Amino acid sequence: MIFAKELGDTLRGALADDRRVVLLGEDIADPYGGAFKVTRGLSTAFPQRVRTTPISEGAIAGISAGLALAGYRPIAEVMFGDFLTLMFDQVVNHIAKYQAMYAGQATCPVVVRAATGGHRGYGPTHSQSLEKHFLGVPHLRVVAASLYHDPRAVFADFLGRDEPVLYVEHKLLYPQHLSLPAHGRVGDLLATSEASPGMLPTVRLSAVPAADCSVSVLAYGYQALLAAQVIERLAVEEEIFAELIVPAQIAPMDWAPVERSVAVTGRLVTVEEGADGWSWGSEAASVISRRMFGRLDRPVDVVASAPTVIPSSKAKEAGVLVGSARIEAAVRAAAS
């Protein structure tokens, strides 16, 4: 199950099941099928409801808002997440506000899909992870794609509720195989999935039972895949046992699974690809330090990318973005 194909099939199913669903975005129609081929074949099957737009993210957001207010369920694709900045006003000052501003008499359930992240040599303006700028916006959910969450279940949640959502999809997830928890396992790792009411599930992975882990690692998206590889390698090679916590919804956050894990380990490492400072990890460190004051064995370690532009050179890019080596070093340090 390749993630990009499963996501495309999820969108196909949504279009088939609900005539209110409309897809908008730049170059999403056939034969191109989107920059990452997620929408390939959909405009042929649903020509009236899969529409390629002009190169204007502001227009895509505005049209999506109007469609949502009129009763449709628009799903807008942003070719590169860097261009979310061009949607910021429409999302923050309009889409996220309507339902609360009109006391529920109007809803604006726009789903914005954005391809984010680097490690592909695309340079400073096509490689960023800018989702941190949307965290904390009232009435806007931010959800991160991962290999451990079924996109069909995620989109069923989106389309079954009247809230707007930003769905960030790291580019390096598209060619990967989904690794959905089954029979309590993901590959060689133990797996559990839990969700508080109204929240998407959080997946917890570990090489040994959670009660035997000494470090908790909190990561989402592609960084969760890297972290899973790290905790498996450290368990086998060095007998360092860590539990990985992978939320789907990163804002608002379901902190309960994190607290349950840290209550056992007393140590937390957060991992994200966005630039360091004023970030998701910083918020996690603040919340967990406040809620679990006196029960932590050491300060929370926040692992994030360097706060600078992302080079086009892959060699130099690797020195800026978070990779496996930095995650491994942080987990090893936390366990010491």
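**View 1. The lining of the largest cavity.**
Of the 14 residues that line the largest cavity in this predicted model, Glu-131, His-170, Tyr-220, Gly-221 and Tyr-222 lie nearest its centre. A cavity is a set of points, on a 1 Å grid over the protein atoms alone, where a 1.4 Å probe fits but cannot get out, and lining residues have an atom within 4 Å of a point. The volume of the largest cavity is about 90 Å³, a volume being the space filled by probe spheres set on the points, which are joined across faces, edges and corners. At least two lining residues come from each of β6 (165–170), α7 (221–238) and β13 (268–275); such helices (H or I, at least four residues) and strands (E, at least two) are DSSP runs, numbered from the N terminus. Sorted by class, the lining of the largest cavity holds four nonpolar, six polar and four charged residues, where Ala, Val, Leu, Ile, Met, Phe, Trp, Tyr, Cys and Pro count as nonpolar, Asp, Glu, Lys and Arg as charged, and the others, Gly among them, as polar.

Residues are numbered from 1 along each chain as its sequence is written. Because the model is predicted, local features need pLDDT of at least 70 and side-chain atom pairs count only at pLDDT 80 or more, while totals for chains, interfaces and linings use all residues, and side-chain values use heavy atoms, with hydrogens and water left out.

The protein chain is assigned domain 1 (3–170) and domain 2 (185–335), with bounds that come from an automatic or database domain assignment. Taken over C-alpha atoms, the centres of domain 1 and domain 2 are separated by 26 Å. Their contact (heavy atoms within 4.5 Å) takes 30 residues from domain 1 and 37 residues from domain 2. The largest cavity lies between the two domains, because domain 1 and domain 2 both give residues to its lining.

**View 2. The second largest cavity.**
The structure holds four cavities of 30 Å³ or more, and the second largest cavity has a volume of about 50 Å³. Its lining is made of 13 residues, and those closest to its centre are Phe-36, Glu-77, Arg-113, Glu-169 and Tyr-174. Two or more lining residues come from each of β3 (73–78) and β4 (111–116), and β4 gives the largest share, with three residues. By class, this second lining has eight nonpolar, one polar and four charged residues.

Strands of a sheet pair through backbone hydrogen bonds, either parallel or antiparallel, and two strands are said to pair if DSSP finds at least two bridges between them. Strands β1 and β3 run parallel and are joined by five bridges, with Leu-23 having Ile-75 of β3 as its bridge partner. The pairing of β3 with β4 is also parallel, over four bridges, and Ala-76 stands opposite Val-112 in β4.

**View 3. The open sheet of seven strands.**
This open sheet has the strand order β7-β8-β9-β11-β10-β13-β14, and its pairing is mixed. Its edge strands are β7 (185–186) and β14 (301–305), each of which pairs on one side only. Strands β8 (residues 189–194) and β9 (residues 202–206) run antiparallel and are joined by five bridges, and Ser-193 has Val-203 in β9 as its bridge partner.

**View 4. Backbone details in the loops.**
Most residues other than glycine have a negative phi, and most peptide bonds are trans. The peptide bond joining Asp-30 and Pro-31 is cis, with omega of about 10°, and Pro-31 lies in the loop between β1 (21–25) and α2 (42–45). A cis peptide bond also leads from Ala-251 to Pro-252, with omega near -15°, and Pro-252 is placed in the loop between β12 (249–251) and α8 (256–265). Lys-37 is not a glycine but has a positive phi of about 65°; Lys-37 lies in the loop between β1 and α2 and is partly exposed, with a relative accessible area of 30%. Ala-103, too, has a positive phi, near 55°; Ala-103 lies in the loop between α5 (98–101) and β4 and is exposed, with a relative accessible area of 66%.

Technical notes. On a 1 Å grid over the protein atoms alone, a cavity is a set of points where a 1.4 Å probe fits but cannot get out, and a pocket is an open set with protein on both sides within 12 Å along at least five of seven lines; lining residues have an atom within 4 Å of a point. Buried means under 20% relative accessible area, exposed over 50%, partly exposed in between (1.4 Å probe, protein chains only).
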